[in-house]
Amino acid sequence: MGPLLLLLACVPQATETRYENHPTGELRAQYEVRVEPDGSERRHGAWISWYPEGGVESEGRYEDGERTGEWTFRWPDGKRKETGEYRDGLRTGTWRQYDERGKRIAQGRYREGHRDGKWTCLLYT
């Protein structure tokens with residue numbers, strides 16, 4: 001009976017899609033959750049959120065409830081605002097920030113969620 005229980009424990013839990021709305025009724029977020037055996041939910045999978053006006057605000061993934069991998073944050077008109085990577089829910093590696101026109105204005109590194117080293121800031125006239 002022991003091997004059978006072990007086999008059942010290794011079966012991955014299914015994910016389900018969830019939706020959240022802004023108070024005004026427009027779609028705010030669509031994401032995947034993993035439903036745990038006790039009925040609790042943990043974000044696990046694709047995430048996308050929108051501004052009330054409809055433009056994409058952020059895109060990325062969750063793993064076991066933590067942000068992971070590449071994430072993109074956008075201005076309401078769709079231009080990139082910030083891009084970078086998460087690991088275990090913390091910012092890591094190179095991150096880039098952009099102004100409302102889409103021009104890169106800053107770049108630097110994160111380590112374990114904190115700015116690390118020199119950051120390059122660009123000023124445009």
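Biologist: Which residues does threonine 83 touch, not counting residues up to four places away in sequence?
Modeller: Threonine 83 touches Trp71, Thr72, Thr94, Trp95, Arg96 and Tyr98, where contact means heavy atoms within 4.5 Å. This is a predicted model, in which local features need pLDDT of at least 70 and side-chain atom pairs count only at pLDDT 80 or more, while totals for chains, interfaces and linings use all residues. Residues are numbered from 1 along each chain as its sequence is written, and side-chain values use heavy atoms, with hydrogens and water left out.

Biologist: Where is threonine 83 found, and is it buried or exposed?
Modeller: Threonine 83 lies in strand E6 (residues 80-87); strands (E, at least two residues) and helices (H or I, at least four) are DSSP runs numbered from the N terminus. Its relative accessible area is 13%, so threonine 83 is buried. Buried means under 20% relative accessible area, exposed over 50%, and partly exposed in between (1.4 Å probe, protein chains only).

Biologist: And what about aspartate 99, buried or exposed?
Modeller: Aspartate 99 is buried because its relative accessible area is 9%. Its place is in the loop between strand E7 (90-98) and E8. Leaving aside neighbours within four places in sequence, aspartate 99 is in contact with Trp75, Arg80, Ile105 and Tyr124.

Biologist: Changing topic, how many bridges join E1 to E2?
Modeller: Strands E1 (residues 15-21) and E2 (residues 27-35) run antiparallel and are joined by 7 bridges; two strands pair if DSSP finds at least two bridges between them. Asparagine 21 has leucine 27 in E2 as its bridge partner. The two strands form a hairpin with 5 residues between them, and glycine 25 in the turn has a positive phi of about 105°.

Biologist: How does E2 pair with E3?
Modeller: E2 pairs with strand E3 (residues 41-50) in the antiparallel sense, over 6 bridges. Serine 49 in E3 is the bridge partner of alanine 29. In this hairpin, glycine 39 takes a positive phi near 95°.

Biologist: Which residues make up the largest nonpolar core?
Modeller: There are 12 residues in all, among them Ala29, Tyr31, Val33, Trp47 and Trp119. Such a core is a set of buried Ala, Val, Leu, Ile, Met, Phe, Trp, Tyr and Cys residues joined through side-chain atoms within 4.5 Å. E2 gives the largest share, 3 residues.

Biologist: Lastly, what is the mean pLDDT of the chain?
Modeller: The mean is 91, and 89% of the residues reach 70 or more; pLDDT is the predictor's confidence in each residue, from 0 to 100. Over residues 4-8, pLDDT stays under 50, and the model has 0 contacts beyond four places in sequence for them.
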